[in-house]
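Welcome! Take a look at the protein below, and then let's walk through it together.

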Amino acid sequence: MIERFDVNEEWAHSGIVRAGDFCFLNYCVGNVGGTVEEQINGAFDEMEKRLALVGLTLENVVQMDCLFRDVWNIPVMERVIKQRFNGHYPARKSIQTNFAHEGGENGLLFQADAVAYCGK
């Protein structure tokens, strides 16, 4: 069975999809226009909000794809992960990209996509 939550018809996008024992989250962003640290925290705030829709927390996240405008900001993300994931660190990869997002170079600096374990 597949369940979709946080559906955005305008973007043709589901914020979280539960399929079997896993939940898939995409396009977690927040605090766009702020510093990279504010945006990383905002993305994890959004991730927490979506995970709560299915009774999960950041500790359930097992894998993340972290997209940066400047990949040299990885140490900032690592600091935030240490503060927010309570030692339950997901596997992850980091990618540098140019975002196609309103605000251009001064807009989106960070986005996270994730997979969370939601089985028993």
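## A partly exposed phenylalanine

F24 is partly exposed, with a relative accessible area of 39%. Here, buried means under 20% relative accessible area, exposed means over 50%, and partly exposed falls in between (1.4 Å probe, protein chains only). You will find F24 in strand β3, which spans residues 22–28. Strands (E, at least two residues) and helices (H or I, at least four) are DSSP runs, numbered from the N terminus.

## About the model

This is a predicted model, in which local features need pLDDT of at least 70, side-chain atom pairs count only at pLDDT 80 or more, and totals for chains, interfaces and linings use all residues. Residues are numbered from 1 along each chain as its sequence is written, and side-chain values use heavy atoms, leaving out hydrogens and water.

## The sheet

Six strands form an open sheet with mixed pairing, in the order β1-β2-β3-β6-β4-β5. At its edges stand β1 (2–8) and β5 (91–96), each with a single partner strand, so one side of each has no neighbour in the sheet. From one strand to the next, the twist averages 10°. Two strands pair if DSSP finds at least two bridges between them.

β4 and β6 (residues 110–117) run antiparallel and are joined by seven bridges. In β6, F110 is the bridge partner of F68.

## Helices across the sheet

Helix α1 (residues 36–52) lies across β1, β2 (13–19), β3, β4 and β6, running at about 145° to β3. Helix α2 lies across β4, β5 and β6, at about 150° to β5. Angles run from 0 to 180 degrees between N-to-C directions, with axes fitted to C-alpha atoms (for helices, over the stretch in contact), and contact means heavy atoms within 4.5 Å.

## Residues to look up

W72 is exposed, with a relative accessible area of 74%, and is found in the loop between β4 (61–68) and α2 (74–84).

Y27, in strand β3, is buried at 17% relative accessible area. Its phi is near 50°, a positive value in a residue other than glycine.
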